Amino acid sequence: MSLRDTLLYVDGVTVTFDGFRALNALSLVLEKGEMRAVIGPNGAGKTTMMDVITGKTRPDSGQVVFGADTDLTRLDEPDIAALGIGRKFQKPTVFEPHSVWDNLLLALAGDRRPRFTLWARETAEERDQISGILQTIRLAEHRHRRAGDLSHGQKQWLEIGMLLAQKPQLLLVDEPVAGMTDAETEQTAELLREINRTRSVVVVEHDMAFVRALGVKVTVLHEGSVLSEGSIDHVSDDPRVVEVYLGR
Amino acid sequence: MSRLSISVTLALVLGIALVMAVLNLALPEGAALHVPTYAVSLAGKYLSYAMLAVAVDLVWGFAGILSLGHAAFFALGGYAMGMYLMRQIGTRGVYGNALLPDFMVFLNWKSLPWYWHGFDNAGFAILMVLVVPGLLALVFGWLAFRSRVTGVYLSIITQALTYALLLAFFRNDMGFGGNNGLTDFKDMFAIPLHADATRSGLMVATAVLLCAELLVARYVVTSRFGKVLIAVRDTESRTRFLGYRPEAYKLFVFVLSAVMAGIGGALYVPQVGIINPGEFSPANSIEAVIWVAVGGRGTLVGAVLGAVLVNFGKTILTGALPELWLFALGALFILVTLLLPGGILGLLSRRRARPAPTTPATEPAE
């Protein structure tokens with residue numbers, strides 16, 4: 001693997017909260033176009049890792065390099081979003097008072113400054129992009145509904161749609177199938193694979209069946225560092241992983 | 001905040017203002033339909049309060065900034081206008097000093113403080129009505145929003161801001177008339193202020209500017225900017241991960257709102273004939289928030305309705321039972337919060353259909 005193919009390089013990142021080490025010299029390499037599943041027991045540092053990559057939390061030490069040479073630890077959330085890193089939260093967070101359409105409109109890549117949005121008019125190009133995303137996330141017939149009125153699974157999809165609208169190079173997806181029905185889980189796996197054709201994806205998930213269905217390289221986190229890495233079969237055979245998951 | 005409710009409000013505000021002005025000026029005193037001049041000025045006062053209410057609703061209803069110090073911007077606009085009106089008095093003051101207002105002569109000041117220069121010019125004074133509140137909001141908002149101060153902490157520091165200004169303006173050394181403030185005005189734009197036509201003109205001008213304010217506010221909140229603003233109100237952190245800078249959005253709307261409040265204050269002062277530090281009192285700002293809550297937060301139109309209704313009630317109650325007013329206001333706030341979370345407008349739209357999609361959620365955002 002050459003450096004050129006690396007999209008994200010998390011290098012020895014440590015984060016402490018009041019003496020608790022949420023991340024402990026965590027290192028991780030993600031290639032361009034890769035989809036990676038990150039698993040681990042509660043408190044393993046999965047969400048903190050996302051917080052560091054997206055600029056919400058600043059690490060005590062270590063670097064996060066995006067692309068060729070951008071150090072993400074020096075940037076804040078809007079800057080990192082503008083670079084092309086999108087994030088989907090564990091709890092679906094859509095803009096509830098707005099329609100599905102407006103949620104996607106606000107997420108579309110474009111000028112984010114007040115001086116632009118104050119005068120912005122919806123363009124035909126924007127309408128085409130939104131219609132396309134509505135097809136992908138299977139919400140075309142719900143476009144005029146208030147986002148707050150959608151079902152849990154539909155909100156998750158809308159949020160994934162908002163990520164797509166941002167046109168990110170890298171998507172960070174936190175527990176996308178939590179609380180979904182089996183059918184919805186299956187459709188979500190399909191959706192993520194479709195997205196992965198053009199973008200890199202990191203999925204944090206508890207649901208092992210879902211991770212297996214994705215069929216990608218798995219990183220197991222434990223106490224803030226990488227415990228094991230490899231195919232799902234490889235990591236589930238790893239005695240250290242079994243111990244962490246099943247207890248001593 | 002539908003197109004219909006805005007149109008109805010504009011028509012009502014302008015229509016009632018014009019009818020009152022005509023009935024005041026065209027009919028002789030004593031005629032059955034004659035509207036007395038004090039009622040015209042009272043209506044003008046309500047309308048300038050309504051301008052403050054719309055400004056409060058813009059930041060509270062649409063950006064989630066619960067400002068408990070918005071009356072400070074109203075008072076600053078009022079003081080800028082008051083300074084102009086003081087200079088217009090000229091030699092007609094008690095001491096007959098052409099340059100110095102009475103209170104400065106009384107304090108034995110020999111020359112006009114530097115910050116009073118220019119206020120003899122109406123254009124400069126009007127500019128200051130916009131610039132002074134806007135600038136204060138810009139500095140205050142820039143510091144507060146970039147430090148991500150939100151929620152109750154922001155409310156507390158806005159309250160502290162207006163209280164600090166209250167104490168400062170009470171001091172005689174500040175050069176704004178101390179405790180007594182600025183009063184005894186004679187002319188405005190070289191027209192006698194106490195003439196009936198001036199009173200009616202000011203009231204109608206307030207109505208027109210209130211309508212302009214409503215239209216500007218409506219444009220802002222229905223634009224894409226406004227959609228981002230509502231998103232910031234409900235889920236600020238999410239907007240950051242989408243690449244928006246909430247602080248920039250809040251700062252713009254906070255400054256705009258402060259300027260609007262300042263214009264309201266500038267129209268208030270000539271109609272009530274006085275501006276004193278009491279206008280900075282924290283209770284005034286809280287009262288403005290109650291007007292908005294009563295009318296319906298996040299609706300703009302509700303702010304106008306709430307300001308006029310509550311102040312009408314205040315006029316009646318403080319005339320009949322003055323000691324009861326604060327209790328009545330407190331009770332009103334509690335009742336509205338418990339029984340009418342959407343205010344009067346929320347009640348109306350619930351009856352007609354579902355609540356407007358842009359009204360804020362009753363539960364606090366994360």
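This is a predicted model: local features need pLDDT of at least 70, side-chain atom pairs count only at pLDDT 80 or more; totals for chains, interfaces and linings use all residues.
Contact here means heavy atoms within 4.5 Å.

**Stop 1: helix 7 of chain A**

Select residues 182–196 of chain A, which form helix 7. At 1.5 Å a residue, these 15 residues should span 21 Å, and the end C-alpha atoms are 21 Å apart, in agreement with that figure. Now show the side chains. Glu184(A), Thr185(A), Thr188(A), Ala189(A), Leu191(A), Leu192(A), Ile195(A) and Asn196(A) are buried. Turn the view to look down the helix axis: the buried residues of helix 7 of chain A fall within an arc of 165 degrees, so they line one face of the helix. On the other side, Asp182(A), Ala183(A) and Glu186(A) are exposed.

Next, display what covers the buried residues of helix 7 of chain A. The cover includes three helices by name, helix 5, helix 6 and helix 8 (208–214) of chain A. It also includes strand 3 (35–39), strand 7 (170–174) and strand 8 (200–204) of chain A.

**Stop 2**

Buried or exposed, for Gln156(A)? Gln156(A) counts as buried, because its relative accessibility is 0% and the limit for buried is under 20%. Leaving aside neighbours within four places in sequence, Gln156(A) is in contact with Lys88(A), Phe89(A), Gln90(A) and Pro92(A), and also with Glu175(A), Pro176(A), Ala178(A) and Met180(A).

Move to Ile130(A), in helix 5 (residues 124–136) of chain A. Ile130(A) also has 0% relative accessibility and counts as buried. Not counting residues up to four places away in sequence, Ile130(A) touches Trp101(A), Leu104(A), Leu105(A) and Leu108(A). For a distance across the chain, pick the C-alpha atoms of Ile130(A) and Thr48(A): they are separated by 31 Å, and the two residues are 82 residues apart along the chain.

**Stop 2: Leu72(A)**

Select Leu72(A), in the loop between strand 5 (70–71) and helix 2 (77–83) of chain A. Leu72(A) is a loop residue, yet it is buried, with a relative accessible area of 0%. Which residues does Leu72(A) touch, not counting those up to four places away in sequence? They are Leu8(A), Ile53(A), Val64(A), Phe66(A), Ile80(A), Leu83(A) and Ile85(A). Asn24(A) lies 18 Å from Leu72(A), C-alpha to C-alpha, at 48 residues apart in sequence.

**Stop 3: helix 13 of chain B**

Switch to chain B and select residues 325–339, helix 13.

**Stop 4: Ser285(B)**

From there, go to Ser285(B), which lies in helix 11 of chain B. Ser285(B) is buried, with a relative accessible area of 1%. Set aside residues up to four places away in sequence, and Ser285(B) touches Leu68(B), Gly69(B), His70(B), Ala71(B), Ala72(B) and Thr162(B).

**Stop 5: the second largest pocket**

Show the surface and find the second largest pocket, with a volume of about 400 Å³. Among the 25 residues that line it, Met86(B), Pro101(B), Asp102(B), Phe103(B) and Gly181(B) are the closest to its centre. The elements that give two or more residues to this lining are helix 3 (71–89), helix 4 (102–106) and strand 1 (182–183) of chain B. Coloured by class, the lining has 11 nonpolar, 11 polar and three charged residues.

**Stop 6: two backbone angles**

Select Asn108(B), in the loop between helix 4 and helix 5 (122–146) of chain B. Asn108(B) is not a glycine, but its phi is positive, about 70 degrees. Asn108(B) is exposed, with a relative accessible area of 55%.

End at Phe189(B), in the loop between strand 2 (187–188) and strand 3 (191–192) of chain B. Phe189(B) is not a glycine either, and has a positive phi of about 50 degrees. Phe189(B) is partly exposed, at a relative accessible area of 41%.

Key
Residues are numbered from 1 along each chain as its sequence is written. Chains are lettered from A and ligands numbered from 1 in the order in which they are written. Side-chain values use heavy atoms; hydrogens and water are left out. Helices (H or I, at least four residues) and strands (E, at least two) are DSSP runs, numbered from the N terminus. The expected span of a helix is 1.5 Å times one less than its number of residues. On a 1 Å grid over the protein atoms alone, a cavity is a set of points where a 1.4 Å probe fits but cannot get out, and a pocket is an open set with protein on both sides within 12 Å along at least five of seven lines; lining residues have an atom within 4 Å of a point. Grid points are joined across faces, edges and corners, and a volume is the space filled by probe spheres set on the points. Ala, Val, Leu, Ile, Met, Phe, Trp, Tyr, Cys and Pro count as nonpolar, Asp, Glu, Lys and Arg as charged, and the others, Gly among them, as polar. Buried means under 20% relative accessible area, exposed over 50%, partly exposed in between (1.4 Å probe, protein chains only). The arc is that of the directions from the helix axis to the C-beta atoms.
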